[in-house]
Amino acid sequence: MSNHYHLVLRVDIDKATNWSEANIIRRWKRIYKIPTVVQQYLKNPKATGIREVAQDIIEKWRRRLSDISWLMRC
């Protein structure tokens with residue numbers, strides 16, 4: 001058919017697993033607004049309480065950025 005096409009995508013999981021937090025934040029920021037807790041973490045990475053919450057969020061972003069299905073839904 002000439003009215004559509006198929007696209008094959010592949011995620012390099014090994015590469016995505018090794019992304020730094022800064023890299024993940026930069027990638028996420030291209031698409032979405034960064035929440036306040038992550039902004040506070042960037043200003044003071046050693047702040048207790050904020051660090052754990054921000055790192056959990058960043059790890060969730062890592063999983064989402066390496067999930068084609070999740071990105072296509074967005």
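User: Which residues of α2 are buried?

Analyst: This is a predicted model, in which local features need pLDDT of at least 70 and side-chain atom pairs count only at pLDDT 80 or more, while totals for chains, interfaces and linings use all residues. Residues are numbered from 1 along each chain as its sequence is written, and side-chain values rest on heavy atoms, with hydrogens and water left out. Helix α2 covers residues 21-29, where helices are DSSP runs of H or I with at least four residues, strands are runs of E with at least two, and both are numbered from the N terminus. If buried is taken as under 20% relative accessible area, exposed as over 50% and partly exposed as in between (1.4 Å probe, protein chains only), the buried residues of α2 are Asn23, Ile24, Ile25 and Trp28.

User: Against which helices do the buried residues of α2 pack?

Analyst: Packing is judged here by contact, which means heavy atoms within 4.5 Å. By that criterion, the buried residues of α2 pack against α3 (36-43), α4 and α5.

User: Which residues of α4 make the contact with α2, and what is its make-up by class?

Analyst: On the α2 side the contact uses Glu21, Ile24, Ile25, Arg27 and Trp28, and on the α4 side Gln55, Ile58, Trp61, Arg62, Arg64 and Leu65. For the classes, Ala, Val, Leu, Ile, Met, Phe, Trp, Tyr, Cys and Pro count as nonpolar, Asp, Glu, Lys and Arg as charged, and the others, Gly among them, as polar. Sorted in this way, the contact of α2 with α4 holds six nonpolar, one polar and four charged residues.

User: Is the crossing of α3 with α4 left-handed or right-handed?

Analyst: The axes of α3 and α4 come within 9 Å and cross at roughly 115°, which makes α3 roughly perpendicular to α4. A crossing is left-handed if the near helix is turned anticlockwise from the far one by less than a right angle, and right-handed if clockwise. On this convention, the way α3 passes α4 is left-handed.

User: How many nonpolar residues are in the contact of α3 with α4?

Analyst: From α3, the residues Val37, Val38, Gln40 and Tyr41 meet Ile50, Arg51, Val53, Ala54, Gln55, Ile57, Ile58 and Trp61 of α4. By class, this contact has two polar residues and one charged residue, and the number of nonpolar residues is nine.

User: Why does Ile58 count as buried, and which residues does Ile58 touch?

Analyst: Ile58 sits in helix α4 and counts as buried because its relative accessibility is 0%. Ile58 and Ile24 are 34 residues apart in sequence, yet 7.0 Å apart in space from C-alpha to C-alpha. Not counting residues up to four places away in sequence, Ile58 touches Glu21, Ile24, Ile25 and Tyr41.

User: Is Arg62 buried or exposed?

Analyst: Arg62 belongs to helix α4 and, not counting residues up to four places away in sequence, touches Ala16, Thr17, Asn18, Trp19 and Ile24. Because its relative accessibility is 12%, Arg62 counts as buried.

User: Which backbone oxygen does the side chain of Ser66 reach at 3.0 Å?

Analyst: Ser66 lies in the loop between α4 (50-65) and α5 (68-73), and with a relative accessible area of 17% Ser66 is buried. A polar contact is a pair of N or O atoms within 3.5 Å; within protein, one must be able to donate a hydrogen and the other to accept it, and residues adjacent in sequence count only if both atoms are side-chain atoms. The side chain of Ser66 reaches the backbone oxygen of Arg63 at 3.2 Å, and at 3.0 Å the backbone oxygen of Arg62.

Note on methods:
Axes fitted to C-alpha atoms, helices over the stretch in contact; angles between N-to-C directions. Parallel < 35°, antiparallel > 145°, perpendicular 65-115°, else oblique.
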